[in-house]
Amino acid sequence: MCDSYQELLQCSLGVTAEALSIVNLGKMLNERYLHHHMSHRLQEQCGLLELHNPGIRPLLHPEWPTWKKSTKLQFGKYIGETSDGKATGRYNPATQDKGSAGFIDFALGDYDYPSIAIEVTTKHAWKRNEVVFDLMKLSDGRNKSFKAVISCNIILRENGLAEGRNKTRLKQSMKDALAEARNRLGDHLCNDEREKYFVVSEIAFESRRYWFYDCDSDEFVETEQLPPFLAGAPANGIGQ
């Protein structure tokens with residue numbers, strides 16, 4: 001069983017590497033498949049959710065809420081924007097007397113104070129609002145327990161990888177999403193001590209590419225192989 005921070009982080013990065021190595025199965029594949037796969041692999045590799053054993057505390061928390069009165073979680077709260085009475089899909093930080101919890105796909109560590117947060121998207125196109133909200137939650141200093149955060153975004157392509165102007169726009173969209181998340185957080189933005197592993201993968205039927213966020217240059221860097229921080233992690237599938 002993994003229980004130290006470094007063991008949990010290595011396990012999380014290894015499972016992220018596997019997620020980025022999935023095969024494109026077309027329209028049938030959606031985010032829930034990947035969530036189930038990652039949850040299974042986290043449990044299989046690290047034994048983080050031994051609910052049948054009362055002597056072992058759970059260290060894997062799916063859909064972990066950043067705010068929950070009944071369990072005394074009091075981290076970040078968020079409020080959605082509306083236009084003409086309809087939700088826009090845009091979220092902003094909220095004060096403690098307004099808004100509601102943000103839910104983290106996977107939080108690892110103690111339930112009351114998890115050290116690692118993982119957010120995952122699996123779409124057939126770039127979904128700006130979803131990515132921005134995920135990056136907001138991961139970069140929110142009010143979620144003060146997070147030592148490391150992972151954003152794993154997979155775009156499934158049926159007509160090949162984006163090229164030319166479409167490729168340029170996609171990279172710019174990544175930069176814009178991170179900038180927008182930071183802008184919305186304002187003074188709530190976390191400090192530089194939080195480890196950030198932000199990855200985007202484009203997966204076609206016979207090809208793929210990756211981008212990863214480089215903290216030193218504050219840029220998303222393109223690579224044909226897994227990002228350097230995932231290169232040593234166990235991964236299966238094509239693209240290695």
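Where is the place of aspartate 218 in this structure? Aspartate 218 sits in the loop between strand 11 (208-214) and strand 12 (219-223). Keep in mind that you're looking at a predicted model.

- Let's start with glutamate 31 and lysine 123, whose side chains meet in a salt bridge at 3.4 Å, N to O. This pair links distant parts of the chain, with glutamate 31 in helix 2 (residues 31-46) and lysine 123 in strand 8 (residues 113-123), 92 residues apart.
- Glutamate 31 has a relative accessible area of 17%, and because the cut-off for buried is under 20%, glutamate 31 counts as buried.
- Next up are arginine 57 and aspartate 110, with a salt bridge of 2.8 Å, N to O, between their side chains. Here arginine 57 is in the loop between helix 2 and strand 1 (60-65), while aspartate 110 belongs to strand 7 (residues 103-110), so to speak a link across 53 residues.
- Arginine 57 is partly exposed at 46% relative accessibility, and aspartate 110 is also partly exposed, at 38%.
- Then there's glutamate 180, which forms a salt bridge with arginine 128; their closest N and O atoms are 3.9 Å apart. Glutamate 180 lies in helix 4 (residues 164-185) and arginine 128 in helix 3 (residues 128-139), so this pair ties together parts that are 52 residues apart in sequence.

**A salt-bridge network**

- Some charged residues join up in a group: Arg157, Glu163, Lys167, Glu202, Arg209 and Glu222 are linked in a network of salt bridges.

**Positive phi angles**

- Glutamate 63 isn't a glycine, yet its phi is positive, at about 50°. You'll find glutamate 63 in strand 1, where it is partly exposed, with a relative accessible area of 36%.
- Back to aspartate 218 from the opening question: its phi is near 55°, again a positive value in a residue other than glycine. Aspartate 218 counts as partly exposed, at 36% relative accessibility.

Technical notes
Residues numbered from 1 in each chain as written. Predicted model: local features only at pLDDT ≥ 70, side-chain atom pairs only at ≥ 80, totals over all residues. Heavy atoms only, no water. Salt bridge = Lys/Arg side-chain N within 4 Å of Asp/Glu carboxyl O. Helix = DSSP H or I, 4+ residues; strand = E, 2+ residues; numbered from the N terminus. Buried < 20%, exposed > 50% of the residue type's maximum accessible area, 1.4 Å probe, protein only.
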